[in-house]
Amino acid sequence: MTQNMSFLRNCFLYKCLFALTFWNHISLSMEEELFTSASNNFPEDGSNQKIKSLPLLDTNSHQSKDWVVIQNTTESLSLSEIENGHVKKLVTLLSNFRQGSSLQNLTLTNMSVNWNYLMEIFQTVWHSSVEYFNINRVTQLSDIKSYAFDYSGTSMRALTVNKIVITDLYFIQDDLYKIFADMNITDMTITDSEMIHMLCPSSKSAFRYLNFLKNDLTDFLFQKCDNLLQLETLILQKNKFESLPKVSFMTSRMKSLKYLDMSNNLLRHDGADVQCQWAESLTELDLSSNQLADAVFECLPVNVKKLGLQNNQISNVPRGVAELRSLEELNLALNRLADLPGCSGFPSLQFLNIEMNLILIPSADFFQSCPRVRELQAGHNPFKCSCELQAFIRLERQSGGKLFGWPAAYVCEYPEGLRGTELKDFHLSQLACNTTLLLVTALVLTLVLVAAVAFLCIYLDVPWYVRMTWQWTQTKRRAWHNPPGEPGTVLQFHAFISYSERDSLWVKNELIPNLEKGEGCVQLCQHERDFIPGKSIVENIINCIEKSYKSIFVLSPNFVQSEWCHYELYFAHHKLFSENSNSLILVLLEPIPPYLIPARYHKLKALMAKRTYLEWPKERSKHALFWANLRAAISINLPTAGENQCGETD
């Protein structure tokens with residue numbers, strides 16, 4: 001054997017042709033990779049160095065006597081690009097690694113074989129020295145049928161299968177799942193394979209670890225299964241489970257289960273009268289990224305120590321519902337909680353994560369109700385920086401560094417003026433946060449102000465100035481009420497039109513053409529045409545109202561919902577409604593239910609109740625009478641300065 005080892009070592013040192021023949025059907029890239037790996041890892045000093053990968057060889061070669069040396073110094077072997085035509089030679093190769101040889105890790109990648117060939121490979125590996133068998137990407141798996149698998153005498157401890165693509169449309173599901181369910185190994189992983197079910201082992205199973213990540217498993221998995229008594233870890237992340245009670249029933253017969261990962265499923269629990277039954281041994285449960293609400297606390301394992309509920313729809317932790325006396329770590333991040341939960345049901349709680357919820361002002365008595373908590377993660381919440389938050393900030397100073405992420409993760413969100421301010425930099429005076437002191441101060445200031453105003457009124461004879469101001473206001477009001485033609489009144493338009501933009505088609509297509517182009521030319525003031533550029537909208541509204549003899553309001557449900565109509569009524573309120581109601585013409589384009597009129601339109605409500613308004617008729621035969629009545633309502637002669645506008649409007 002020593003001579004054989006020396007022979008191989010010398011071949012590599014002098015870059016001679018490797019004396020063993022490569023597998024004929026392996027791709028060129030694989031030959032280069034394996035040859036290079038073998039030449040780099042082979043021991044040059046004849047010691048028992050571990051070889052990580054090997055070239056495939058023809059075991060019928062006359063140099064097969066050297067195989068004993070190679071297999072006894074090999075721990076890991078990786079092969080790829082395996083097709084149906086390669087299986088027989090692969091099986092022949094793997095048959096050399098009998099139990100007791102050094103090969104412990106085998107990885108097969110990119111396999112395109114049928115079911116029978118896959119089982120033949122499995123069976124060969126099963127009776128070899130391989131302890132850890134990894135299969136990555138099996139495509140075009142077909143012809144699935146019953147196979148008499150021999151589970152006896154294996155060295156295998158763990159099987160990992162990733163991404164199996166089955167091309168058969170119709171086959172007996174049990175023929176597939178039974179092979180894996182009855183394997184007498186401790187660890188099994190089947191991921192990303194669109195697996196919809198897995199059978200309960202037919203006898204007491206040796207499984208301690210099962211990982212079915214990213215499949216299509218549902219609530220029917222392992223129901224009433226009594227043969228997983230040694231299972232300790234079960235990972236069912238990214239599947240299609242929906243019922244939390246059914247998950248609990250699944251675990252109730254797993255007497256050794258300690259860790260369960262049910263994250264990224266579709267789990268719900270509506271809090272019905274269904275009683276959950278969890279494995280008493282379960283101490284770590286991950287239910288993150290599901291659709292669980294507050295009722296989840298009615299369906300939790302009583303002995304759980306570590307619980308993950310982040311990224312769900314929990315808005316409140318009910319008091320008195322769940323009593324988890326062993327719970328030490330609770331993750332409630334990314335939910336809808338508005339405050340920190342108390343610890344009445346979690347007396348042993350030590351770590352709490354409540355980041356990224358909807359907490360504005362956290363309770364300041366949290367550490368009093370949770371004396372055993374060593375770390376609180378409450379950052380990245382929309383904190384409202386106010387007087388109430390001051391108590392929580394003081395709590396941080398007293399906690400001795402128990403707030404994880406302080407101060408960077410604790411930032412004001414409200415009010416807007418303080419957004420981005422770290423809580424450690426937020427301060428309010430005692431006066432601002434003490435209501436009693438603030439009221440007393442305000443009362444004293446009010447009394448001082450009243451006394452000062454009274455003194456000034458007497459000292460400066462303010463009543464006289466008030467009386468003179470009132471007389472000036474009355475004179476100005478009378479000037480505004482001067483009839484047209486008297487000094488101080490400048491009229492350029494017959495009427496100003498106020499309407500909602502949603503009613504503009506009727507105004508432009510019906511009202512303006514019929515008044516300006518019809519008999520008795522009427523000059524109308526329209527905001528789109530007659531507002532002066534450069535002036536504010538408010539100034540233009542006031543100017544147009546003052547320069548118009550009448551104001552036409554086109555009333556409709558759209559009118560009372562228009563913000564700009566609100567502005568026009570607001571700034572023209574005194575002139576149109578209080579000072580000269582005769583200048584107002586109401587045109588009811590569409591009926592307005594009273595409940596649609598806002599409270600600010602109380603004058604409009606009163607006018608519509610007391611005054612006659614023109615209602616737009618739906619019958620075309622009545623349109624002529626409508627236009628005649630409207631012209632009569634706005635009939636007035638304007639100064640010649642504005643007459644040249646009639647007839648020029650397009």
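Trainee: Let's start with Cys343 and Cys370: are they buried or exposed?

Mentor: Both Cys343 and Cys370 are buried. Keep in mind that this is a predicted model, and the values are computed from it.

Trainee: What makes Cys343 and Cys370 a disulfide?

Mentor: Their sulfur atoms are 1.9 Å apart, and the cut-off is within 2.5 Å, so the pair qualifies. Cys343 sits in the loop between strand 11 (329-331) and strand 12 (351-353), while Cys370 is in the loop between helix 8 (366-369) and strand 13 (375-377). That puts the partners 27 residues apart, so the pair links distant parts of the chain.

Trainee: And why is the disulfide of Cys343 and Cys370 called right-handed?

Mentor: Because the torsion about its S-S bond is about 100°.

Trainee: How many disulfides turn up in the whole structure?

Mentor: The search finds four disulfides. Another of them joins Cys276 to Cys299, with an S to S distance of 1.8 Å. The torsion there is -110°, and the link is left-handed. Cys276 belongs to the loop between strand 8 (259-261) and strand 9 (284-286), and Cys299 to the loop between strand 9 and strand 10 (306-308), so parts 23 residues apart in sequence are tied together.

Trainee: What about the disulfide between Cys200 and Cys225: which hand does it have, and why?

Mentor: The S-S torsion of Cys200 and Cys225 is about 75°, so this one is right-handed. The S to S distance is 2.0 Å. Cys200 is in the loop between strand 5 (187-191) and strand 6 (209-211), and Cys225 is in the loop between strand 6 and strand 7 (233-235), 25 residues apart.

Trainee: Why is strand 18 described as largely enclosed?

Mentor: Because seven of the eight residues of strand 18 (residues 548-555) are buried. Five bridges join it to strand 16 (residues 493-498), running parallel, and Ser498 has Phe553 as its bridge partner in strand 18. Strand 18 also pairs with strand 19 (residues 584-588) in the parallel sense over five bridges, where Ile552 stands opposite Ile585.

Trainee: What makes helix 7 largely enclosed too?

Mentor: Six of the eight residues of helix 7 (residues 244-251) are buried, so the rest of the structure largely encloses the helix. Among them are Leu244, Val247 and Met250. The buried residues of helix 7 pack against strand 7 and strand 8.

Trainee: What happens at the start of helix 7?

Mentor: There, a side-chain oxygen of Ser243 comes to within 3.3 Å of the backbone nitrogen of Lys246.

Terms used:
Residues numbered from 1 in each chain as written. Predicted model: local features only at pLDDT ≥ 70, side-chain atom pairs only at ≥ 80, totals over all residues. Heavy atoms only, no water. Helix = DSSP H or I, 4+ residues; strand = E, 2+ residues; numbered from the N terminus. Buried < 20%, exposed > 50% of the residue type's maximum accessible area, 1.4 Å probe, protein only. Pairing = 2+ DSSP bridges. Contact = heavy atoms within 4.5 Å. Polar contact = N/O pair within 3.5 Å; in protein donor to acceptor, adjacent residues only side chain to side chain.
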